[in-house]
Amino acid sequence: MHKLSLPLLLVIVLIVCSGKKDKKVALNNVKEEVIDYQIELGKVSPKSVFVNDTLSIWGGSIVKGEEEGLYHMLYSVWPKEIGWEWVNYSVIAHATSKSPFGPFTHKGVALPDRGKKFWDGATTHNPTIHKFNDKYYLYYMGNTGDKKVVSTPGKAKINWEHRNNQRIGVAVADSPNGPWKRFDKPVLDITANDSLAHDALMTSNPSVCQMADGKILMVYKAVGKKFKLPAGGPVVHMVAIAESPTGPFKKYPDPVFTFEGERFPAEDPYIWYQDGKYRAIVKRMNHEGKSSVFSLVHYDSEDGINWNQAKHFEISDRTVIFTDGRKIKFDHLERPQVFMEDGEPVALLCAADSIDMNNIRHSFNIQIPLKITKYKN
């Protein structure tokens, strides 16, 4: 057997280690392929409308159960007879279906009224549900107040006490059937010590996804105190990131989805991460004179913090085509929530409504097939 001298051994070790290092560097330089999306709405089956004669139904979010294979919708609901009183009488309820496109059957109330003394005791609204690791996380808006009815079925007003007490919460469960553990404090509160903060007045309407590095990204609606109370404003969207689904969340300073000179440019984003980018479907409030024209639009982001209009920006002008040939342009098509299955967007859940001849609003949830065309960047 030939013996290698010590200097020669050192040379061989250095060469091998260098090769491993170069390989590691090469692997680290491999970037995930970045793809542009064009998002379109498919035709809707009549069974994909979740509606009730006596209840106002609004935003809904779906997750698939692991044990029974059912699809679970968490949605907002309140009595239709009291008017458009979502801000002080909504609760988050639970329904199931064998398909993400329905029909859904109501099962019960997931987050009920629990008393004025709690920060979310009077109202729970606008849910978005996610499964991270082995638990389910239900993010929502909650508030408290006097529960005074201020509107009638035909004329929508707003209870400003409840509106300005809005905060973001999260409930946790081992199953989408519950029971849900609620917390004594919001998961994202206002910035109370800074009257100039974008969220000095209220926080609401959370949208959440898991980031590429495992952290939790939240985009949320914020209202400041720059303008006259009780409305305040402007109404903007902000970004926050946490290590854990239950926080604490670090807030970032700059609003997103903004338009120059507009006090309320957007609402109701839904965010997710796929194919090397963060994606968002957003309700656009396009101001024309004294009125607003609503539509669904598309943003994307490299880091989840800085957002830009996507290459294919426009998604829908609120027009829905049904499989039975009907074509309806709804008064509102909002609260978009994407349902992902096998890593791909499958359905878009939206809150929709129509106004009848008596000027009464009838609202419901609609599950729309998604068509996404991918273009290499």
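Analyst: A salt bridge is a side-chain nitrogen of Lys or Arg within 4 Å of a carboxyl oxygen of Asp or Glu. The model is predicted: local features need pLDDT of at least 70 and side-chain atom pairs count only at pLDDT 80 or more, whereas totals for chains, interfaces and linings use all residues. Residues are numbered from 1 along each chain as its sequence is written, and side-chain values rest on heavy atoms, with hydrogens and water left out.

User: How many contacts does the stretch of residues 20-30 have beyond near neighbours in sequence?
Analyst: The mean pLDDT (the predictor's confidence in each residue, from 0 to 100) of the protein is 91, and 91% of its residues reach 70 or more. Over residues 8-17 the pLDDT is below 50, and that stretch has 2 contacts (heavy atoms within 4.5 Å) beyond near neighbours in sequence. Over residues 20-30 the pLDDT is also below 50, and the number of such contacts in the model is 0.

User: Is strand 5 mostly covered or uncovered, and how many of its residues are buried?
Analyst: Strands are DSSP runs of E with at least two residues, helices being runs of H or I with at least four, and each is numbered from the N terminus. One side of strand 5 carries Val91, Ala93, Ala95 and Ser97, and the other carries Ile92, His94 and Thr96; both faces are covered. Strand 5, residues 91-97, is thus mostly covered, and its buried residues (under 20% relative accessible area with a 1.4 Å probe and protein chains only; exposed is over 50%, partly exposed in between) number 7 of 7.

User: Which residue of strand 6 stands opposite His94?
Analyst: Two strands pair if DSSP finds at least two bridges between them. On one side, strand 5 pairs with strand 4 (residues 71-79) in the antiparallel sense over 7 bridges, and Val77 has Val91 as its bridge partner. Strand 5 also pairs antiparallel with strand 6 (residues 105-111), over 5 bridges. In strand 6, the residue opposite His94 is Gly108.

User: Which residue in strand 16 is the bridge partner of Ala280?
Analyst: An open sheet of 4 antiparallel strands has the order 14-15-16-17. Its edge strands, each pairing on one side only, are strand 14 (266-274) and strand 17 (307-316). Within this sheet, strand 15 (residues 277-288) and strand 16 (residues 291-301) run antiparallel and are joined by 11 bridges. The partner of Ala280 in strand 16 is Tyr299.

User: How many residues apart in sequence are the parts that Arg167 and Asp189 tie together?
Analyst: Arg167 counts as buried because its relative accessibility is 13%, whereas Asp189, at 35%, counts as partly exposed. Their side chains meet in a salt bridge with an N to O distance of 2.9 Å. Arg167 lies in strand 9 (residues 167-173) and Asp189 in the loop between strand 9 and strand 10 (202-210), so the separation in sequence is 22 residues.

User: What relative accessibility does Arg284 have?
Analyst: Glu262 and Arg284 form a salt bridge whose closest N and O atoms are 2.8 Å apart. Because Glu262 lies in the loop between strand 13 (249-251) and strand 14 while Arg284 lies in strand 15, the pair ties together parts 22 residues apart in sequence. Glu262 counts as partly exposed at 22% relative accessibility. Arg284 counts as buried, at 7%.

User: Which side chain is joined to that of Asp353 by a polar contact of 3.1 Å?
Analyst: Asp353 lies in strand 21 (residues 344-355) and is buried, with a relative accessible area of 0%. Beyond neighbours within four places in sequence, its contacts include Trp58, Phe330, Arg361 and Phe364. A polar contact is a pair of N or O atoms within 3.5 Å; within protein, one must be able to donate a hydrogen and the other to accept it, and residues adjacent in sequence count only if both atoms are side-chain atoms. The side chain that makes such a contact of 3.1 Å with Asp353 is that of His332.

User: With which side chain does the side chain of Asp199 make a polar contact?
Analyst: Asp199 lies in the loop between strand 9 and strand 10 and counts as buried at 4% relative accessibility. Not counting residues up to four places away in sequence, Asp199 touches several residues, among them Asp189, Ile190, Ala222 and Lys251. Its polar contact, at 2.9 Å, is with the side chain of Tyr220.
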